[in-house]
Amino acid sequence: MKSGTTFISDQFYAKHVSDLHFRHLRMAKASTSIQDCAAQMAKEQVSCLFVGESPQQIQGYVTDITLRDQALAKGLAFDTPISEIMEHTMVSIHPEATLVEALLLMFRTKSRYLLVKENEQYIGWISRTKILTEQSQGPFMFIQSVKEARQITELKDKWQRMPEIIHLLLSRGMKAGIVNQIITTVADTITQRVIERVIKEIGSPPAKFVFFVLGSEGRGELTLKTDQDNAIIYEDKANEQREAVRAYFLVFATRVSTALDQIGIAFCDGELMAMNPKWTHSLSHWKRNYESWISDASQETAMNYSTFFDCRAIFGEESLLVELKDYMGELLEKAPERFFINLGYNALQYEPPLTFFRNIKTEKIDGEKQLNLKQTMRPIVDLARVFALKHKIHETNTVRRIDLLRQKGVFTMPETQELIHAFNYLMSLRLENQAGLILEKKEKPKNFLTLDSLTKVQSVTLIEIFKVIKDFQARIKFSFTRSL
């Protein structure tokens with residue numbers, strides 16, 4: 001791999017959308033023919049044409065690929081109105097957003113183009129190619145190369161390169177949250193490539209389905225020590241088809257998980273995977289699952305299934321998961337109070353590792369004092385989840401949950417800043433430690449940090465963070481268990 005100086009373009013990470021010469025909006029009316037639109041695109045040398053009466057009344061857009069796939073390939077008459085084939089899903093971004101944010105948005109929404117929007121006005125557009133050429137080399141070209149990979153060996157090689165990329169990004173001062181998103185995007189993309197490969201091998205699915213991820217991947221908070229947490233929802237079918245449909249998806253899920261394990265995204269120790277028959281079901285069955293978990297409302301149920309409230313679709317019919325989440329929202333509206341109380345207890349299971357004299361409490365592993373960073377972060381994750389569910393916030397990412405809770409008046413600005421700073425600091429430390437173990441010690445990544453590896457400043461910062469977590473746990477006690 002290339003060295004850090006050539007692999008990362010430092011200047012790229014400081015750039016904003018406004019720093020690019022984004023293109024002016026080229027418009028065509030909805031009634032314009034396909035041929036006239038193609039001629040206009042050729043004349044103006046653009047790969048994207050927006051459809052509508054004016055730049056502020058955009059109804060959709062067409063690209064050169066739209067014309068190829070929806071018009072030429074289907075043999076449509078050249079005088080067909082462009083509105084017949086235009087794409088409707090448009091994604092916009094503010095000019096002050098960074099190029100990093102723009103690319104992550106594009107990968108997340110599978111969009112090749114973004115509208116630039118300021119003061120509720122569309123002022124231009126940018127393409128993925130334009131941004132990628134700005135940085136020439138870096139993690140986003142790497143993500144693009146993952147998208148183009150198909151063989152298991154090739155995908156395995158891509159995943160094995162992640163530690164060096166993450167180490168370089170952290171050494172350049174990139175925020176932990178964005179690094180999490182990059183790891184998550186690569187893992188998502190690898191999973192999508194594997195799913196496409198499996199479908200090609202075993203044939204098309206007999207029903208609509210969605211493959212979704214849970215836990216840290218569902219929250220977009222993956223680290224280098226990650227395993228599989230996934231499940232499948234498929235549409236309800238007539239009785240005579242049920243067994244065949246279920247059999248297909250269990251074979252499909254086993255092949256997907258086996259390939260991911262070969263690539264380096266390991267099997268889940270707790271078997272929380274779609275290949276486990278417990279986690280591949282029809283939509284109606286999944287609804288019954290959530291109904292049971294919420295109405296049962298026992299402490300054990302809250303602990304075992306809380307990770308299922310951090311779910312995100314990565315392949316298939318997202319509408320199936322949206323319907324399940326909508327149903328979950330209805331259930332939460334009438335959930336018994338003890339459901340939230342037990343989720344609150346969940347967030348109190350792990351106490352910040354502080355001794356009576358306010359020093360860091362450690363575990364002795366292999367003769368060394370070590371700290372479990374994942375466990376240390378757990379109260380913040382649990383706290384954000386329980387307050388989000390209580391206040392009907394459907395976001396799954398921890399930092400965004402905390403910020404949305406601030407907007408609802410649940411947390412003050414100082415509380416929000418403290419929690420987010422604590423979470424990001426711990427995540428950054430965790431990522432740096434994992435990358436260091438892989439690159440320097442040639443060891444597998446882990447969540448334990450050797451206390452001797454900390455500087456004095458890091459130790460002091462950790463102690464202050466643990467105090468913050470302790471204070472917020474006290475608040476959970478007050479809010480959910482009515483006792484201090």
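Guide: Two strands count as paired if DSSP finds at least two bridges between them. Strands (E, at least two residues) and helices (H or I, at least four) are DSSP runs, numbered from the N terminus. The model is predicted, so local features need pLDDT of at least 70 and side-chain atom pairs pLDDT 80 or more, while totals for chains, interfaces and linings use all residues. Residues are numbered from 1 along each chain as its sequence is written, and side-chain values use heavy atoms, with hydrogens and water left out.

The sheet in question is open and has three strands in the order β11-β12-β13, with antiparallel pairing. Its edge strands are β11 (363-365) and β13 (448-450), each of which pairs on one side only. Direction ignored, neighbouring strands are turned by 50 degrees against each other on average.

Take the β11 side of the sheet. Strand β12 (residues 368-372) runs antiparallel to β11, and three bridges join the two. Glu 363 has Gln 370 of β12 as its bridge partner. Ile 365 stands opposite Glu 368 in β12. The hairpin of β11 and β12 has two residues between the strands, and there Asp 366 takes a positive phi near 50 degrees.

On the β13 side, three bridges join β12 to β13, again in an antiparallel arrangement. Gln 370 stands opposite Thr 450 in β13, and Gln 370 is also the bridge partner of Glu 363. In a regular strand the side chains alternate between the two faces of the sheet.

Next, the helix against this sheet. Three bridges hold β11 to β12. Helix α17 packs on the sheet and touches β12 and β13 (contact: heavy atoms within 4.5 Å). The direction of α17 makes about 30 degrees with that of β12; axes are fitted to C-alpha atoms, for helices over the stretch in contact, and angles run from 0 to 180 degrees between N-to-C directions.

Rings of Phe, Tyr and Trp (its six-membered ring) pair if their centres lie within 6.5 Å; planes under 30 degrees apart are stacked, over 60 edge-to-face, the rest tilted. By this rule there are 26 aromatic pairs. One of them is Tyr 305 with Phe 308, whose centres are 6.1 Å apart with planes at 55 degrees, so this pair is tilted. Another is Phe 387 with Phe 411: the centres are 5.3 Å apart and the planes stand at 70 degrees, so the pair is edge-to-face. Phe 387 lies in α17 (residues 373-390), while Phe 411 lies in the loop between α18 (398-407) and α19 (413-439), so this pair ties together parts 24 residues apart in sequence. Phe 387 and Phe 411 are both buried, where buried means under 20% relative accessible area, exposed over 50% and partly exposed in between (1.4 Å probe, protein chains only). Phe 308 is buried too, at a relative accessible area of 0%.

Phe 308 also belongs to a cluster linked by ring pairs, together with Phe 212, Trp 279, Trp 286, Tyr 290, Trp 293, Tyr 305, Phe 309, Phe 339 and Phe 340. Over the ring of Phe 340 sits the charged end of Lys 390, 4.6 Å from the centre. The criterion is NZ of Lys or CZ of Arg within 6 Å of the ring centre and within 35 degrees of the ring normal. Lys 287 lies over the face of Tyr 327 at 5.4 Å from the ring centre.

Glu 418 is partly exposed, at 40% relative accessibility. Leaving aside residues up to four places away in sequence, Glu 418 touches Val 468 and Phe 472. The C-alpha atoms of Glu 418 and Ala 149, 269 residues apart along the chain, are separated by 41 Å.

For reference, another open sheet of three strands has the order β4-β5-β6 and mixed pairing. Its edge strands are β4 (92-93) and β6 (121-127), which each pair on one side only. Six bridges join β5 (residues 113-118) to β6, and these run antiparallel. Among the facing residues, Val 116 stands opposite Gly 124 in β6, and Leu 115 has Trp 125 of β6 as its bridge partner. The hairpin of β5 and β6 has two residues between the strands, with Asn 119 at a positive phi near 50 degrees.
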